[in-house]
Amino acid sequence: MTLGTLIRIRNISKLSPFRMIVAPVTMSNRPVSRISLRDFDARKDQIGKELIEAAENVGFFILVDQERPSKQEIEEMFDLSAKYFVLPDNVKSQYPFIREQNSGWEKDAQIRPSTGVADPKESLQLQYFRRNTYWPKDLPDIPEFHGTCLKFMESVQDLSMKILSFFAAALGFPPSFFSDAHDLSSEDCLSTLRLLRYHGITGKVSDMPEWRAGAHTDFDVLTLLFQETGGDGLEVCPGREAHTSFAQGDDWTAVPARTGEITVNIGRARRMFVFIIHRGRLTSLRLGDMLMAWSDDRFKSLYHRVKAPRPDGNLKARNSMAYFNQPRPHILIEGPTKKYEALSASQYILNAMKRYYQPTEIPK
Ligand SMILES: O=C(O)CCC(=O)C(=O)O
Ligand SMILES: [Fe+2]
């Protein structure tokens, strides 16, 4: 039973992606944690300490010097992504974005509740377990598309599981806890690679967008984000400080774009309460905050957004890639101290999908 929530469906095609949104902006000089993965096996303890500290205090960190995916693998993937996005829309739209599957291609269709308009971008979401059913096939001039994406996902998956093994240990879960929950070889692994291309900016200064991606948190456990040198604009606002709506007006930190480095953030779906009768009592359940909930709020989630360039900035298209570690649907999310009622991963994800791809929530 859901109380206090009304879902209003909007007609997304009527909204202009270039509407100007003005939000108060405070930029901070918060130091950004850069964690080197050099000599991983020999430096494991030190690396683990740095990761946990960053997750507890900030909610994000930048990984450098990782063995895989190497800078070259990342560059290859960016080249492939560029070849994909120049294909005509009628080819890309053969696999349209399906909200319930969180898969496929969209253009100017993702409305951010924080801005009320669609991000001026296109993106393709590839879920590993749909690799033979819902990935673009027979793409003109890019026969390597399938194989290269697959290899890249596997490489990012390995790195993600290394990172999550430290979180499992810190939470007192068995070492394989997160790798079982995100097992790529399972038929229902929801982990997803998203290729993104924000449009180049043309036209009148007065029509320029303020944001390329409106402020949001991701609704997964952990996101590994790849930026390309020259494509600055990413800003983050750690969950701890995000006390206003969508963190607008809080302290934001710019994360410079550098090919080869990986920005890692802890995911969270925006909070929403539902009420149920649990063991004879009226109880509230909090939806969202996957790793925050899984860690009983110990690890912080992170608001982030992508600012559009100013007229004297780099107005070319911006490319990025995100790997979302999403647990298998049946996995129950419940922290060591059971601070929140257990909720299945699929319940979290469906709830977040509804919010991020169409509706806005209006509290009664
Ligand atoms: O493009 C970026 O840098 C951020 C993308 C992002 O936050 C997302 O797709 O969730
Ligand atoms: Fe995101």
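Guide: A crossing is left-handed if the near helix is turned anticlockwise from the far one by less than a right angle, and right-handed if clockwise. The crossing of helix 2 and helix 4 is left-handed. This is a predicted model, in which local features need pLDDT of at least 70 and side-chain atom pairs count only at pLDDT 80 or more, while totals for chains, interfaces and linings use all residues. Residues are numbered from 1 along each chain as its sequence is written, and chains are lettered from A and ligands numbered from 1 in the order in which they are written.

Visitor: What makes helix 2 and helix 4 oblique to each other?

Guide: Helix 2 (residues 71-85) packs on helix 4 at an angle of about 140°, with the axes 10 Å apart. Axes are lines fitted to C-alpha atoms, for helices over the stretch in contact, and angles run from 0 to 180 degrees between N-to-C directions. Angles under 35 degrees count as roughly parallel, over 145 as roughly antiparallel, 65 to 115 as roughly perpendicular and the rest as oblique. The angle of about 140° belongs to the rest, and helix 2 and helix 4 are therefore oblique.

Visitor: Which residues in helix 2 and helix 4 meet?

Guide: Residues are in contact if their C-beta atoms, placed from the backbone, lie within 7 Å. From helix 2, E73, E76, M77, L80 and Y84 meet F145, T148, F152 and S155 of helix 4. This contact has five nonpolar, two polar and two charged residues. Here Ala, Val, Leu, Ile, Met, Phe, Trp, Tyr, Cys and Pro count as nonpolar, Asp, Glu, Lys and Arg as charged, and the others, Gly among them, as polar.

Visitor: What makes helix 1 roughly perpendicular to helix 4?

Guide: Helix 1 and helix 4 pack at about 75°, their axes being 10 Å apart. That angle makes helix 1 roughly perpendicular to helix 4. Helix 1 contributes G48, L51, I52 and A55 to the contact, and helix 4 contributes I163, F166, F167 and A170. Seven of these residues are nonpolar, one is polar and none is charged.

Visitor: Why do strand 3 and strand 5 stand at the edges?

Guide: Strands (E, at least two residues) and helices (H or I, at least four) are DSSP runs, numbered from the N terminus. Two strands pair if DSSP finds at least two bridges between them. Eight strands form an open sheet of mixed pairing, in the order 3-4-12-9-16-7-6-5. Strand 3 (34-36) and strand 5 (104-107) each have a single partner strand, so one side of each is left without a neighbour in the sheet. On average, neighbouring strands are turned by 20° against each other, direction ignored.

Visitor: How many bridges join strand 6 to strand 7?

Guide: Seven bridges join strand 6 (residues 121-127) to strand 7 (residues 192-198), and the two run antiparallel. Within this pair, Q125 stands opposite R194 of strand 7.

Visitor: Which residues surround ligand 1?

Guide: A residue is near a molecule if its C-beta atom, placed from the backbone, lies within 6 Å of it. Ligand 1 is surrounded by R194, L196, A213, D218, L225, Q227, L234, H304, V306, S320 and A322. By class, six of the shell residues are nonpolar, three polar and two charged.

Conventions
Two residues are in contact if their C-beta atoms, placed from the backbone, lie within 7 Å.
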